[in-house]
Amino acid sequence: MSSQRSKVEVKGFEARHYDFLMGLLTVGSYSRWIRRAVRKAGAEEGWKIAELGSGTGIAACEFVRLIGEGGRYIGLDVGEEMMGKARKRCREKPNVQFIRNRIEEPFHLPFKADLFFLSFVIHGLEDCDKEKVIANVKKNLRDGGFLAVFDYSQMKLAESSWFRKLLIGKLECPLAAEFVEMNFPSFVGEQGFSTHRIEKEFHALFSLYIFKKR
Ligand SMILES: C[S@@+](CC[C@H](N)C(=O)[O-])C[C@H]1O[C@@H](n2cnc3c(N)ncnc32)[C@H](O)[C@@H]1O
């Protein structure tokens with residue numbers, strides 16, 4: 001069940017023009033940021049990847065390039081229009097599959113994944129749903145496997161620039177402001193993961209958080 005405070009479910013006009021709108025908002029950088037985060041997440045040839053909130057398939061295409069024909073990729077998303085775009089984008093790739101499923105609801109992948117990837121999804125979930133998502137990841141991830149999350153960096157909004165206050169405090173959903181102020185690595189740590197690496201991106205506005213299943 002979606003929270004009233006969340007804005008990460010993308011539908012209608014926004015979904016139909018998602019790539020164009022994100023390109024416009026980020027002066028053409030959005031898909032480049034996602035592809036860069038994917039490359040830094042550490043996927044290897046032959047790996048099995050699962051992405052939660054896979055959107056229009058930007059990360060999927062980059063993962064497929066890295067894992068090759070011997071790897072597998074599954075993307076889960078609740079948005080029909082977003083998924084339609086992702087399927088179109090990856091239509092010639094036999095090792096790519098998209099499944100319509102809420103990511104906080106239980107799911108069982110046909111494999112134990114080597115790596116889970118989430119970009120710009122988790123900040124928009126209530127904490128109880130974040131916990132359910134991480135539990136789903138843990139269940140479907142191999143021992144020693146990785147969870148890579150590309151999202152806003154941790155910061156104190158009151159001490160941040162006017163731009164960050166406007167973007168995260170006003171334009172984003174209230175859950176995003178709570179996300180940046182929480183201790184996300186320790187939240188994930190409490191659910192059986194250790195922090196493997198955190199890389200700051202784009203003037204430290206975003207971070208790539210990489211966790212390892214204990
Ligand atoms: C902000 S978009 C990000 C899409 C993509 N990860 C990217 O970085 O371009 C969030 C995506 O997560 C999906 N989503 C949001 N909440 C979800 C949920 N509870 N279950 C499944 N998908 C969800 C939306 O439909 C949308 O495609």
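**View 1. Phe-206 lies in strand β7.** The model shown here and in the other views is predicted. Phe-206 counts as partly exposed because it has 17 C-beta neighbours inside 10 Å, which falls between the limits of 12 or fewer for exposed and 20 or more for buried. Apart from neighbours within four places in sequence, Phe-206 is in contact with Trp-33, Phe-150, Asp-151, Tyr-152, Ser-153 and Glu-201. One of these contacts, Ser-153, is 53 residues away from Phe-206 along the chain, yet the C-alpha atoms of the two are separated by 4.7 Å.

**View 2. Phe-202 is in the loop between β6 (193-201) and β7 (206-213).** Most residues other than glycine have a negative phi. Phe-202 is not a glycine, but its phi is positive, at about 45°. Phe-202 has 12 C-beta neighbours inside 10 Å and therefore counts as exposed.

**View 3. Phe-120 is in the loop between β4 and α6 (127-140).** The phi of Phe-120 is near 50°, again a positive value in a residue other than glycine. Phe-120 is buried, because 20 other C-beta atoms lie within 10 Å.

**View 4. Strand β1 (residues 48-52) is largely enclosed by the rest of the structure, because five of its five residues are buried.** In a regular strand, side chains alternate between the two faces of the sheet. In β1, Lys-48, Ala-50 and Leu-52 point one way, while Ile-49 and Glu-51 point the other way. Both sets are buried, the charged residues Lys-48 and Glu-51 included.

**View 5. β1 pairs with two strands, β2 (residues 72-77) and β4 (residues 113-119).** The pairing of β1 with β2 is parallel and has five bridges. Within it, Ile-49 has Tyr-73 of β2 as its bridge partner. Between β1 and β2 the chain passes through helix α4 (residues 58-67), and this β-α-β crossover is right-handed. β1 and β4 also run parallel, joined by three bridges. Here Ala-50 of β1 stands opposite Phe-116 in β4.

**View 6. Helix α8 (residues 174-181) has four buried residues, Leu-175, Ala-176, Phe-179 and Val-180.** These residues lie on the same side of α8, because they cover an arc of only 135° around the axis. An α-helix has 3.6 residues a turn, so residues three or four places apart point the same way.

**View 7. Val-27 is in the loop between α2 (18-25) and α3 (30-40).** Val-27 is exposed, because its C-beta atom has 7 others within 10 Å. Lys-212 is 185 residues away from Val-27 in sequence, and the C-alpha atoms of the two are 33 Å apart in space.

Conventions
Residues are numbered from 1 along each chain as its sequence is written. This is a predicted model: local features need pLDDT of at least 70, side-chain atom pairs count only at pLDDT 80 or more; totals for chains, interfaces and linings use all residues. The arc is that of the directions from the helix axis to the C-beta atoms. Two strands pair if DSSP finds at least two bridges between them. A crossover is right-handed if, with the strands pointing away from the viewer, the path from the first strand over the helix to the second runs clockwise. Two residues are in contact if their C-beta atoms, placed from the backbone, lie within 7 Å.
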